[in-house]
Amino acid sequence: MRVVIAPDKFKGSLSAPEVASRLSAGLQAGFAASRPGEGFESTLIPVADGGEGTLDAAVGSGFTRRSATVTGPTGQPIKAEFAVRGEEAVIEMAAASGLAVLPGFGDGSAPNTETAKSSTSLGTGELIRAALDLGCRHIILGVGGSANTDGGAGVLQGLGAVLLDADGNELSGGGAALARLDRIDFSNLDVRLEATDFVLASDVDNPLLGRTGAAAIFGPQKGATPDDVATLDAALAHFVQVLANEIGPEAQDAAQAPGAGAAGGVGYIAIAALGAARRPGIDVVLEFTELEQRLSGADLVITGEGSLDEQSLLGKTPMGVARAAARSGIPVIAVCGRSTLSPEQLSESGFESVHALTELESNVEKCIAEAGPLLEELGKHIGLRLPGNSQSQLPNHDAARTETKEQLHV
């Protein structure tokens, strides 16, 4: 019996590798108890949708974890990780410029009006430069969970551009400071960028500006007040105009491109200045993890994430994995912390069955705190009901898949 376990993280509880490991342990225990002496193999492929967790997915797929000291969102030096495989790099911008690396975040502190206006994406640009130093010329930029709303101006600064006010002084970081931008000096921009391909891994389709732009939609999550939103949006519009004066009208066109509003506008600068191709995050991750190739010979796929809800159906990790499994004719089941999907939505999702931790523990807070042991228990529950796969009992994988489908509705 061969099972591929390809989950996303359970946000607030476990990383994707931890989810996969816990499930695998439970599955093997359950299978061994119900089919003593029969063979069982699990292949763990942590995945993500392009945001937080993308780095873990890369490392789980053969990339090497590297690190660099960069400038955090409030200007403090921090150590941020990225992943490299040959000339390919995966950069998770949240590691350098995310809410999670704000000073004090997670210890009772929350984003506030000052960090909303002054947080910078500078560290993300510095991470890109670190990847260039290692010879990388194909860079996947996974965005999500950002602290900044600076239109990606910090990324430009990290790559050598200098943002100047009318007096020739270099601007401080953050979106609000862009209101004072007069010109951009590109003379020291890293020349290696010309020979580098970028992919923007993002499911966000918001433009940079306006009622559905970066400041209006995502600013409040970063501590921005209504007045701050207006200030930031106006400053971003000014940034677009100055950039267009420097590089041409394509900078204005890029502001309206789907995904320009991602990660506080880092999506904008990736499209406008780095020539990045925007692709759905799950597609990018499934490609570099080589999930479809690694499904060969599998009898079952298990995927999941912390909350299985309507957003999950719009291209999040579980649906991406389910589509890949369907193309290979392999049954897939989902595990989650909780599910808010209706029976009709579940039946249309393509999952053979869905199992939530709340089936074992009704207290959601306890599910979050004890997700590891509960996942093992859930894995054991599933493993007890898996069919055997010995040569005498199941001569081929097609037979195993048929029996698996019949027994998964538990």
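The model is predicted, so to speak of local features a pLDDT of at least 70 is needed, side-chain atom pairs count only at pLDDT 80 or more, and totals for chains, interfaces and linings use all residues. Residues are numbered from 1 along each chain as its sequence is written, and side-chain values use heavy atoms, leaving out hydrogens and water.

We may begin with the sheet. Helices (H or I, at least four residues) and strands (E, at least two) are DSSP runs numbered from the N terminus, and two strands pair if DSSP finds at least two bridges between them. Five strands form an open sheet in the order 2-1-11-12-13, with parallel pairing. Strand 2 (41-44) and strand 13 (354-356) are at the edges and have a single partner strand each, so one side of each is left without a neighbour in the sheet. From one strand to the next, the twist averages 25 degrees; axes here are lines fitted to C-alpha atoms, for helices over the stretch in contact, and angles run from 0 to 180 degrees between N-to-C directions. Within this sheet, strand 1 (residues 2-5) and strand 11 (residues 300-308) run parallel and are joined by three bridges. Val 4 has Val 301 in strand 11 as its bridge partner.

Two helices accompany the strands. Helix 13 (residues 317-327) lies across strand 11 and strand 12 (332-339), at about 165 degrees to strand 11. Helix 16 (residues 371-383) packs on the sheet, where it touches strand 12 and strand 13, and its direction makes about 145 degrees with that of strand 13. Contact means heavy atoms within 4.5 Å.

Turning to the interior, a nonpolar core is a set of buried Ala, Val, Leu, Ile, Met, Phe, Trp, Tyr and Cys residues joined through side-chain atoms within 4.5 Å. Buried means under 20% relative accessible area, exposed over 50%, and partly exposed in between (1.4 Å probe, protein chains only). The largest nonpolar core has 58 residues, and Ile 128, Leu 208, Phe 239 and Tyr 268 have the most contacts inside it. Helix 8 (residues 226-247) gives the most to this core, seven residues. Another core, apart from it, has 36 residues, including Val 285 and Met 319.

The two aspartates make a handy contrast. Asp 165, in the loop between strand 7 (162-164) and strand 8 (183-185), counts as buried at 12% relative accessibility. Asp 253, in helix 9 (residues 250-255), is exposed, with a relative accessible area of 55%.
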